[in-house]
Amino acid sequence: MPILPQGQPGESGPEPHRHRRTAESFGVDAERYDRARPPYPQALVDAIVAASPGRRVLDVGAGTGIEARQFQAAGCTVLGVEPDERMAAFARRSRVEVEVARFEDWQPAGRQFDAVIAGTAWHWVDPVAGAAKAAQVLRPGGRLAPFHHVPQLPAEVIDALAEALQRVAPDSPFNPGLLRGSAVDAYQPLFARIADGIRRTGDFSEPEQWRFAWERTYSREEWLDQLPTFGGLTQLPPDKMAEVLDSAGTAIDELGGHATMPYTSVVITSTRSSHTFAEDRPSARR
């Protein structure tokens, strides 16, 4: 789940990519992350592959290789870029090639790709510098397609998480209270920043938003296994994490010991134009 900064969704404030300690903390338990995080809808993978000019894919923020393995299964050759060596090492165990770097700093060495993807990771990338780097490595007509899971948590779970975090970590950047109401609507400011970063390079078509709806039923144990992998919770000390898990577990118990969560997986996507690379024009520089 992407980080949601404290405050109202439409307010300006700390952008997720500036939370570097959180962005690079997921490898604290890479095995749990890979086990507990859900894969992406097959329809999403198929749509991106079908809309790309070829099957050479760059996976930004590849993590443990969840989406990379899905694109490999769809016939793609995938290279991952991941800032956390612990996550990269786990991905390599499943035969995903990964280079360790922040995407903005990564050196492509002349390599080009048909698609640049990011699975619930593009919010950790500077939206303008990241889009400019994507333009640099995409072939003309290549597709930039970062995507995010947006779960619609039950109100009872949201309230339990919000209360527990207010008690044990009031300064946490993870703010589940913003997910009351429509989670997809709450994330639109984030998606708008991504789209604006793409536009500002001047190297892409007008960004589109693709949505894929699905749902998953979690047992109490499955949900509590995933919860510590959320950004903003990865750095909680064990005693505070235990309080958060206890509150969330109690809420799920009251729902009958399981919770069905609707998801929308949202893709912000655009194709690279055939003119000069973004890095060659002052408008793309920061």
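**Entry 1: arginine 37**

I began with arginine 37, which sits in the loop between helix H2 (30-36) and H3. This is a predicted model, and I read every value below as computed from it. Is arginine 37 buried or exposed? I found a relative accessibility of 10%, so arginine 37 counts as buried, the cut-off for buried being under 20%.

**Entry 2: the chain as a whole**

I counted the elements next. The chain holds eleven helices and seven strands. Of its 286 residues, 57% are buried. I also looked at contacts with a separation of 6 or more, and 79% of them join residues 24 or more positions apart.

**Entry 3: the sheet**

In what order do the strands of the open sheet lie? I read the order as S3-S2-S1-S4-S5-S7-S6, seven strands with mixed pairing. At the edges are strand S3 (97-100) and strand S6 (208-219), each of which pairs on one side only. Neighbouring strands in this sheet are turned against each other by 20 degrees on average, with direction ignored.

I followed one pair in detail. Strand S5 (residues 138-151) and S7 run antiparallel and are joined by seven bridges. I picked leucine 144 and found that its bridge partner in S7 is serine 270.

Helix H3 (residues 42-50) packs on the sheet, where H3 touches strand S4 (113-119), S5, S6 and S7. The direction of H3 makes about 155 degrees with that of S6. I also looked up helix H5 (residues 85-93), which lies across strand S2 (77-82) and S3. H5 runs at about 165 degrees to S3.

**Entry 4: threonine 264**

Which residues does threonine 264 contact, leaving aside its neighbours within four places in sequence? I listed His148, His149, Val150, Val184, Arg211, Phe212 and Ala213. Among these, His148, His149 and Val150 carry numbers within the range of S5 (residues 138-151). Arg211, Phe212 and Ala213 carry numbers within the range of S6 (208-219).

**Entry 5: helix H11**

I turned to helix H11 (residues 238-254), which has 17 residues. From its first C-alpha to its last, H11 reaches 24 Å, close to the 24 Å expected at 1.5 Å a residue. Its buried residues are Met241, Val244, Ser247, Ala248, Gly249, Ala251 and Ile252. I kept in mind that an α-helix has 3.6 residues a turn, so residues three or four places apart point the same way. What do the buried residues of H11 pack against? I found helix H7 (155-168), helix H10 (220-226) and strand S7 (258-271). Just after H11, glycine 256 takes a positive phi of about 105 degrees.

**Entry 6: two helix pairs**

I recorded the crossing of H7 and H11 as right-handed. On the H7 side the contact includes Val157, Ala160, Leu161, Ala164 and Val168. On the H11 side the contact includes Val244, Ser247, Ala248, Ala251 and Ile252, and these five are also listed as buried in H11.

The other pair was helix H6 (residues 127-137) and helix H9 (residues 188-201), whose axes come within 8 Å and cross at roughly 55 degrees. H6 and H9 are therefore oblique to each other. Their crossing, too, is right-handed. Pro127, Val128, Ala131 and Ala132 in H6 meet Arg193, Gly197, Ile198, Arg200 and Thr201 in H9.

**Entry 7: positive phi away from glycine**

Alanine 109 has a phi of about 55 degrees and is placed in the loop between S3 and S4. At 71% relative accessibility, alanine 109 counts as exposed. Threonine 120 has a phi of about 50 degrees and lies in the loop between S4 and H6. Is threonine 120 buried or exposed? I noted 6% relative accessibility, so threonine 120 counts as buried.

Notes
Residues are numbered from 1 along each chain as its sequence is written. This is a predicted model: local features need pLDDT of at least 70, side-chain atom pairs count only at pLDDT 80 or more; totals for chains, interfaces and linings use all residues. Side-chain values use heavy atoms; hydrogens and water are left out. Helices (H or I, at least four residues) and strands (E, at least two) are DSSP runs, numbered from the N terminus. The expected span of a helix is 1.5 Å times one less than its number of residues. Buried means under 20% relative accessible area, exposed over 50%, partly exposed in between (1.4 Å probe, protein chains only). Contact means heavy atoms within 4.5 Å. Two strands pair if DSSP finds at least two bridges between them. Axes are lines fitted to C-alpha atoms, for helices over the stretch in contact, and angles run from 0 to 180 degrees between N-to-C directions. A crossing is left-handed if the near helix is turned anticlockwise from the far one by less than a right angle, and right-handed if clockwise. Angles under 35 degrees count as roughly parallel, over 145 as roughly antiparallel, 65 to 115 as roughly perpendicular and the rest as oblique.
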